[in-house]
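Biologist: Hi! Could you walk me through this model in plain words?

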Amino acid sequence: MMNQPVELAPNAWAPGGKPDPLGRHKHGLIGASVSRIDGPLKVRGMAAFAAEFPLEGMTYAALVFSTLPSGRIATIDTREAEAAPGVVLVMTHRNAPRMQPMPLFLTAEKAAGGDNLPIMQDENIHWNGQPVALVLAETQEQADHARSLIRVTYEAAPSITAFDKARQGGTEPGMFMGQPLKLVINDAEAALAAAPVKVDALYRTPRHNHNAIEPHAATVAWQGDELVVHDASQAVAHTAWSLSHVFGLAEKQVHVTSPFVGGGFGSKTLWQHQVLGAAAAKLAGRPVRIALSREGVYRLIGGRTLTEQRVAIGARRDGRFDAIIHTGTVAMSRHNALPEPFILPTRGAYAAGSFGLDVEVAYLDMLANTFMRAPGESVGTFALECAVDELAVKLGIDPIELRIRNEPDKDPVEGKPFSSRNIVAAWRAGADRFGWSKRTPSPGSVRDGEWLVGMGCATGTYPYYRMPGGAARITLTKDGRAKVEIAAHEMGMGTATAQTQVIAERLGLTLDQVNFAYGDSSFPGLVLAGGSQQTASIGASVVAAQHALVAELLRLAGNASPLAGLTADAVGGLDGGLAALSDPARRESYVSILARAGHEQVVAVAGAPPPDEQLHWSMHSHGAMFCEMGVNAVTGETRVRRFLGSFDCGRILNAKTAASQFRGGIIMGLGLALMEETQFDERTGRVMNASLSEYHVPVHMDVPEIDVIWTDIPDPHTPMGARGIGEIGITGTAAAVANAIFNATGKRIRDLPLTPDRLM
Ligand code: MOS
């Protein structure tokens with residue numbers, strides 16, 4: 001096959017802009033199943049995670065957590081701990097340096113803090129588990145021992161730790177990223193009342209805690225006036241800025257690195273441990289390693305809050321929706337910015353004549369909530385998609401057919417056109433592959449020995465985002481190799497690999513000629529590995545930097561080059577150099593251009609254009625989720641027998657790492673459906689199951705073969721034609737499980753998790 005130069009993508013994907021040519025690039029590296037380039041390092045134990053940076057003179061930290069939800073420290077006796085072997089110092093509110101609270105995540109452009117409380121600045125207690133003392137010692141074991149010797153007494157203050165009690169005190173409207181979580185279109189209650197067929201039910205989802213394989217950790221050192229933090233982060237630039245705010249430093253004085261992260265899922269932003277580690281390092285004048293225990297993660301790092309959701313749908317007899325109501329209440333602390341925004345999926349999933357959506361917040365004295373994989377959509381789709389299934393049963397319409405009948409032709413609440421929406425194709429392909437036509441609609445009718453067997457399905461949905469602030473630096477050296485630096489993150493998703501493919505394809509290089517450098521706040525760009533948006537943010541940044549690079553190379557190439565007279569828009573990367581788009585034979589290699597110009601290297605830096613595409617189109621990833629469940633008729637035990645996710649997420653950049661992302665999301669969704677639940681003592685606000693032995697997540701035995709397929713239809717309005725894939729897999733999954741359990745047993749369980757006691 002004759003290679004073609006890769007055209008420069010337009011600077012914007014807004015109206016008038018051309019689709020990114022990489023979206024249509026069928027040969028080459030885009031979409032290829034490339035194994036993780038960081039894989040060999042990881043399996044050899046050579047990848048340095050946050051708690052693995054060896055520094056001269058290191059000290060090790062251990063934390064003491066409060067044991068009541070509200071009140072003050074009456075006495076704190078640290079003498080025995082201070083005298084214990086190896087102890088370097090004990091820090092409490094009495095000797096901690098003065099610090100500002102953390103700027104709350106997503107309330108300002110670079111804010112990364114999980115809460116905005118004073119951190120060890122006074123004797124006040126705000127949640128059960130708040131750190132009240134930190135021990136530094138020569139070894140971790142010595143720190144852990146000394147921590148056990150600290151005696152704290154408290155004076156309790158009145159507190160609210162029960163959800164119902166908090167609700168009785170009144171709720172307040174929820175806000176998400178500055179927008180009210182409320183939407184009213186026409187009179188949905190009246191339309192519901194008038195509808196010939198309707199469902200109206202309450203669904204409850206419990207609290208969830210984060211359990212990334214790598215617990216949160218940071219290695220912290222003050223080097224002169226500079227604060228260096230080797231962190232486990234999905235937001236290095238945000239964290240550097242936020243820490244500079246906490247310690248009264250210039251942004252440039254904080255350097256955050258995070259080359260490898262063992263899973264983030266929304267939790268690896270800035271929490272009190274990095275701040276406390278930096279404060280202790282300042283007091284001790286020595287580097288500090290602060291690695292949270294698994295229990296520490298439960299005490300200190302927020303999770304997903306509980307929700308109680310009402311979903312009501314009013315339909316005509318042909319199945320078309322006249323009313324969708326999705327309202328409810330979540331729990332939150334006063335020092336937090338994340339009410340679980342469960343109505344988000346309902347804004348774009350279906351056409352309807354009226355909508356009434358609302359999230360209300362009840363305030364408790366508890367740890368701040370935070371983002372957890374598809375915040376909003378994961379539990380919101382549980383309620384919405386179970387309700388759609390219930391309606392399908394009432395109507396006697398196949399649940400896939402019912403969804404397709406309510407497919408909107410434009411955004412149902414904003415009226416914008418969809419950038420690309422092929423959910424119907426995903427439904428059809430999925431149904432075919434899963435064997436949906438073999439399903440028996442009447443519940444409880446299929447038996448396999450002791451097991452009742454059923455099939456269920458649900459829609460998954462997650463928006464496309466591209467946040468402002470992306471930027472990249474490309475350094476092209478005279479040997480024809482390129483280094484691309486972006487303050488981005490690899491948390492295990494495959495980013496380093498997929499982006500190396502993208503960069504190589506765009507520049508016309510091979511994979512081993514490209515070095516993608518990330519995980520360092522000193523690199524260009526404000527890039528969050530969150531909201532399933534990092535791929536788009538990086539992609540747009542690379543396009544901008546490449547444009548600048550090509551312009552500079554053409555200038556250097558001059559009149560002696562076969563490219564003489566061509567503009568940047570008329571050339572593209574091909575086979576280690578630049579070539580004319582109209583005539584690929586007219587080309588010159590990077591090596592040749594730099595040699596003739598006498599340059600060692602060429603450096604280009606540029607910022608991505610603002611994400612205007614989101615203003616013009618309604619942009620979402622889509623999933624059609626299929627589940628076959630077995631429920632033991634005697635014990636209520638559940639078994640996921642088969643699962644299929646059929647996705648429509650634009651162009652898939654790396655088939656292997658993408659499949660892994662989809663499967664990982666689905667597995668997390670199976671945990672959400674069947675076992676995950678934080679046991680929160682409503683009398684004391686204490687998390688009672690702060691360990692993986694008592695907080696259950698799926699293990700290999702819980703997970704069947706998971707099949708994933710995708711449409712691979714490029715979105716003309718995104719970089720590479722790709723939309724996000726990090727969060728879509730968890731959405732819809734719990735509803736598909738619950739709907740399959742209904743089909744198996746006839747039992748409609750509306751409270752998660754779907755444990756055997758609820759199925760007996
Ligand atoms: Mo995700 S919850 O945006 O890391």
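Biologist: What volume does the second largest pocket have?

Modeller: This is a predicted model, and in it the second largest pocket has a volume of about 1100 Å³.

Biologist: Which residues are closest to its centre?

Modeller: Of the 39 residues lining that pocket, the closest to the centre are Phe176, Met177, Gln179, Tyr465 and Gln614.

Biologist: And which elements give two or more residues to the lining?

Modeller: Those are strand S10 (179-180), strand S21 (451-463) and helix H15 (613-616). S21 gives the largest share, three residues.

Biologist: How many of the lining residues are nonpolar, polar or charged?

Modeller: There are 23 nonpolar residues in the lining, along with eight polar and eight charged ones.

Biologist: Changing topic: what should helix H13 span at 1.5 Å a residue?

Modeller: H13 has 24 residues, 534-557, so at 1.5 Å a residue it should span 34 Å.

Biologist: How many residues of H13 are buried?

Modeller: The helix is mostly covered, with 18 of its 24 residues buried. Just after H13 comes Gly558, which takes a positive phi of about 65 degrees.

Biologist: Now the sheet with S3. What is the strand order?

Modeller: The order is S5-S3-S7, an open sheet of three strands with antiparallel pairing. Strand S5 (124-125) and strand S7 (151-156) are the edge strands, each pairing on one side only.

Biologist: How many bridges join S3 to S5?

Modeller: Two bridges join strand S3 (residues 71-77) to S5. If you want a spot to look at, Gly71 stands opposite Ile125 in S5.

Definitions and conventions. Residues are numbered from 1 along each chain as its sequence is written. This is a predicted model: local features need pLDDT of at least 70, side-chain atom pairs count only at pLDDT 80 or more; totals for chains, interfaces and linings use all residues. Side-chain values use heavy atoms; hydrogens and water are left out. Helices (H or I, at least four residues) and strands (E, at least two) are DSSP runs, numbered from the N terminus. The expected span of a helix is 1.5 Å times one less than its number of residues. Buried means under 20% relative accessible area, exposed over 50%, partly exposed in between (1.4 Å probe, protein chains only). On a 1 Å grid over the protein atoms alone, a cavity is a set of points where a 1.4 Å probe fits but cannot get out, and a pocket is an open set with protein on both sides within 12 Å along at least five of seven lines; lining residues have an atom within 4 Å of a point. Grid points are joined across faces, edges and corners, and a volume is the space filled by probe spheres set on the points. Ala, Val, Leu, Ile, Met, Phe, Trp, Tyr, Cys and Pro count as nonpolar, Asp, Glu, Lys and Arg as charged, and the others, Gly among them, as polar. Two strands pair if DSSP finds at least two bridges between them.
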